[in-house]
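Hello,

The structure we spoke about is below. My notes on what was found in it follow.

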Amino acid sequence: VIIFSPSRLYLALRASLDWDIAPLPLLLSPLLLSLLAIYDSMAASVRALVQWYSHHTLANPVVTKALTSFTLFTLGDITAQLLDGRKTFDRSRTIRMSLYALCVIGPVSHLWYNALEALVVKQMKVVGPRGVVLKIALDQFVYTPPTTLLFFSYMAFSGGMALRSAVDSAQRKLLPTLKVNWVVWPLVHSMTFGVVPLPYRVLFISVASFFWACFLSFASARFGTE
């Protein structure tokens with residue numbers, strides 16, 4: 001594998017052009033070289049992180065995706081509370097969100113995406129752009145509505161509401177949330193299923209889910225559900 005290194009390229013150019021003769025490049029080159037070295041170090045760290053994540057995704061997919069969801073939804077809730085301008089931080093809400101992500105979102109998402117791939121590609125033999133469209137449609141109209149309803153019901157019930165009131169509150173929020181969902185996630189999943197290579201799809205979805213977690217956490221706290 002050939003890894004691009006800006007600092008090595010710079011050193012090669014500097015040697016071939018004899019830049020040390022010129023006063024200005026002589027002054028700028030140490031700073032530029034330091035910046036390029038920092039870039040190389042950061043790029044190497046990112047590559048190592050991706051390799052580490054990919055290894056654990058293949059070795060322990062359910063655990064890895066559960067922990068990924070836990071981390072991103074926790075950060076999403078914290079971010080949502082900060083953006084909401086709260087004077088006091090609601091630890092209980094963050095804990096409830098985190099536990100749901102760990103126990104439900106991560107494992108269930110793993111099962112769903114595997115089943116979706118098997119259904120569309122292996123059983124229905126639909127590939128290419130048609131396959132992408134079909135996966136998006138099934139994800140948005142079969143999987144998303146019940147899981148969103150379950151999420152809002154859980155957050156309200158675990159926050160102290162009676163079960164019937166929690167379900168009623170979730171039903172009121174469902175359609176407005178789905179309207180936003182149907183604008184955002186088809187665009188995200190057009191990249192997920194159409195562009196991103198299969199080994200990196202979970203990571204891509206996880207990053208996108210951080211921003212969606214911010215929205216879900218923000219939405220779950222509206223209309224007195226806490």
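**Findings**

Of the 226 residues in the protein, 38% are buried (buried means under 20% relative accessible area, exposed over 50%, partly exposed in between, with a 1.4 Å probe and protein chains only). This is a predicted model, in which local features need pLDDT of at least 70 and side-chain atom pairs count only at pLDDT 80 or more, while totals for chains, interfaces and linings use all residues. Residues are numbered from 1 along each chain as its sequence is written, and side-chain values use heavy atoms, with hydrogens and water left out.

The protein has seven helices and zero strands (DSSP runs numbered from the N terminus: H or I of at least four residues for helices, E of at least two for strands). Among contacts (heavy atoms within 4.5 Å) between residues at least 6 apart in sequence, 68% join residues at least 24 apart.

The largest nonpolar core has 10 residues: F73, M97, Y100, A101, I105, F151, F152, M155, A170 and A213. A nonpolar core here is a set of buried Ala, Val, Leu, Ile, Met, Phe, Trp, Tyr and Cys residues joined through side-chain atoms within 4.5 Å. Two or more residues come from each of α4 (91-123) and α5 (128-158), and α4 gives the most, with four. A second, separate core of nine residues includes L116, V126, Y143 and F193.

Helix α3 (residues 61-83) has 23 residues, so at 1.5 Å a residue it should span 33 Å, and its end C-alpha atoms are 32 Å apart, which agrees. The expected span is 1.5 Å times one less than the number of residues. Buried residues in α3 include T64, T68, L72 and F73.

α3 also gives six residues, the largest share, to the lining of the second largest pocket. That lining has 15 residues, with W52, Y53, T64, T68 and L203 nearest the pocket centre. A pocket is an open set of points on a 1 Å grid over the protein atoms alone, where a 1.4 Å probe fits, with protein on both sides within 12 Å along at least five of seven lines; lining residues have an atom within 4 Å of a point.

Last, L178 is found in helix α6 (residues 163-194) and is buried, with a relative accessible area of 5%. Beyond its neighbours within four places in sequence, L178 is in contact with T144, P145 and T148. The C-alpha atoms of L178 and P145 are separated by 7.2 Å.

Regards
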